[in-house]
Each structure stands twice: as structure tokens, then as C-alpha cells.
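Good morning, and thank you for coming.

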Amino acid sequence: MAFKATILTLYPDMFPGPLGQSLSGRALEKGLWDIETSQIRDFAADKHRSVDDTPAGGGAGMVLRADILAKAIDAAAPVEDPRPRILMSPRGKPFTQAKAHQLAEGPGAVIVCGRFEGVDQRVIETRQLEEISIGDYILSGGEIGAITMLDAIVRLIPGVMGNMESADTESFETGLLEHPHYTRPAEFEGLTIPDVLTSGNHKKIHEWRLAEAERLTRERRSDLWYAYMADDDDVD
Ligand code: SAH
């Protein structure tokens with residue numbers, strides 16, 4: 001069974017959005033993955049179809065109600081549904097390439113997109129939602145986060161990317177940022193391509209790329225660099 005994403009949202013028209021284009025769009029057409037949306041508002045009980053209410057304890061904004069969201073989750077993913085249930089949340093564990101691989105290997109994901117100030121804590125607990133963040137900044141809703149996450153996941157599904165080799169050397173796959181790229185023309189505004197890359201010496205090219213990847217990682221991402229060094233005793 002292909003990877004299937006079910007998105008719970010107040011804005012279903014945002015999907016598939018950019019995921020309907022390019023690589024992920026072609027894969028969607030081919031049936032290599034699937035996406036469906038569920039409108040949370042359809043589970044509201046009152047005639048105004050309201051889904052939010054004021055925060056207990058006071059303060060600004062509104063909170064998505066636990067009872068309505070729970071109904072939407074139960075309809076989209078009954079208990080026997082094996083897919084992980086994810087809540088997009090700035091308080092969640094940061095999304096990583098490793099997490100993208102883990103999800104791409106599974107049956108799919110049920111993704112709840114928060115809005116307003118967020119969702120009532122009790123639905124997170126009772127429906128065992130795994131909170132995932134896409135970065136240390138605040139978006140106005142979970143939808144763009146879900147799209148970002150799915151874009152990273154879908155390209156890892158077998159058959160989606162033409163050249164799987166390009167995936168192996170990419171930033172974060174090796175624990176390093178990727179080396180710089182060059183292509184024609186040979187000279188651009190007075191700048192040439194490093195000689196080694198046009199030398200045809202594959203060993204030297206590999207060494208240059210690794211050295212550049214290490215230099216960039218050391219300069220830009222000390223967090224990744226320390227993890228890489230701890231992992232690899234050969235690095236001096
Ligand atoms: N009051 C919350 C932010 C709410 S933003 C707080 O301070 O933590 C509204 C919704 O947008 C959230 O419920 C979540 O679903 C989504 N969202 C915002 N920023 C996000 C991020 N960095 N990662 C994942 N989801 C995010």
C-alpha cells in the first residue's frame with residue numbers, strides 16, 4: 001500500500017497545493033503516494049460551525065476545541081489505523097531528514113494542522129498526537145508546515161526521485177552540508193570553475209567535495225560538525 005497522508009485542517013483548499021507540482025505532483029499522479037483532507041469544521045455541532053473557543057485562564061486568541069478535533073481524528077483514523085498521528089506544533093520535536101526517512105518507510109501519516117493559539121492539550125494526550133515542529137519560528141497555521149514535511153518525505157519514497165544517488169550525498173544525509181555545485185559556462189563574470197572538477201580525476205574530485213562539505217559544515221553549523229566528529233574518529 002502506498003504512503004497515504006490524511007490532513008485535518010480548516011483550509012483543505014491549501015492541499016495538495018505545491019505538492020501537486022513537479023516531482024511530488026508527478027508521483028501523486030502515478031499513485032506512488034496519496035493525500036486526502038478532512039475539514040475539521042464538518043465536525044462542529046452548532047449552527048455556526050464554530051471550532052474554537054476562548055482560552056481557559058484568559059489571555060489572547062482562541063483555542064481549537066478538544067471534542068471537535070477528537071471527532072475529526074477518530075473519523076479520519078480509527079484506532080486500528082497504523083499511521084502515526086502528528087500534530088504540527090512549534091513545541092514539537094524538530095523535523096529532521098532522519099524523521100523524513102522514518103515516515104517515508106511507513107504507511108503514511110495523519111497530520112493535524114493547528115490554527116489560532118493552538119489546540120486543547122487534552123486532545124494531544126487522549127489521541128496520542130506526536131508533536132512535530134518545522135523550525136523555531138511561528139507560522140499562522142500547521143498547513144505550510146505539513147506541506148514542507150510531506151515534500152521532504154515524498155521525495156524519499158522509492159520511485160519518486162529519478163536519480164537516487166543524488167539523494168545520498170545531499171546535506172544532512174551524510175551528517176554534513178553538501179559541497180558547492182558548478183556547471184557551464186566555464187567562466188561566469190570572471191569566475192572560473194575549480195580546476196579539480198574539470199580534471200576528470202574522480203578520486204581528487206571526491207576528496208575536494210568532502211573537504212568542502214567539511215569546511216562548510218564547520219563554518220556554518222557547529223552543531224552538525226560536533227555530531228559528525230563524534231561519529232567519525234578519522235576526522236582531524
Ligand atoms: N501559540 C502557539 C503558536 C500557535 S501558531 C505557541 O506559541 O506555541 C498556530 C498553529 O500553527 C499551531 O497550532 C501549529 O499547528 C502551527 N505552527 C506554527 N508554527 C509552527 C512550527 N514552527 N512548526 C509546526 N507547526 C507550527
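**The ligand and its surroundings**

An oxygen atom of the ligand lies 2.6 Å from a polar backbone atom of M88. Please keep in mind throughout that this is a predicted model. At G142, a backbone N or O atom lies 3.5 Å from an oxygen atom of the ligand. Taken alone, the ligand exposes 560 Å², and the protein buries 84% of that.

Which residues come nearest to the ligand? There are 18 residues around the ligand, and those that come nearest are M88, G114, E117, G135 and Y137.

Let us now turn to the interior. In soluble globular proteins, nonpolar side chains tend to be buried together. Here, the largest nonpolar core has 28 residues, and L150 and I153 have the most contacts inside it. At least two residues of this core are supplied by each of β1 (3-9), β2 (33-39), β5 (85-94), α3 (97-104), β6 (108-112) and α5 (143-154). The largest share, seven residues, comes from α5.

What does L150 touch, leaving aside residues up to four places away in sequence? Its partners are F3, A5, I7, L19, I35 and I111. Apart from this core lies another, of 21 residues, including A44, L69, V112 and I124.

Definitions and conventions
Residues numbered from 1 in each chain as written. Predicted model: local features only at pLDDT ≥ 70, side-chain atom pairs only at ≥ 80, totals over all residues. Heavy atoms only, no water. Core = buried A, V, L, I, M, F, W, Y, C linked by side-chain atoms within 4.5 Å. Buried < 20%, exposed > 50% of the residue type's maximum accessible area, 1.4 Å probe, protein only. Helix = DSSP H or I, 4+ residues; strand = E, 2+ residues; numbered from the N terminus. Contact = heavy atoms within 4.5 Å. Near = heavy atom within 4 Å. Polar contact = N/O pair within 3.5 Å; in protein donor to acceptor, adjacent residues only side chain to side chain. Areas by Shrake-Rupley, 256 points an atom, 1.4 Å probe, with all protein chains shown as cover.
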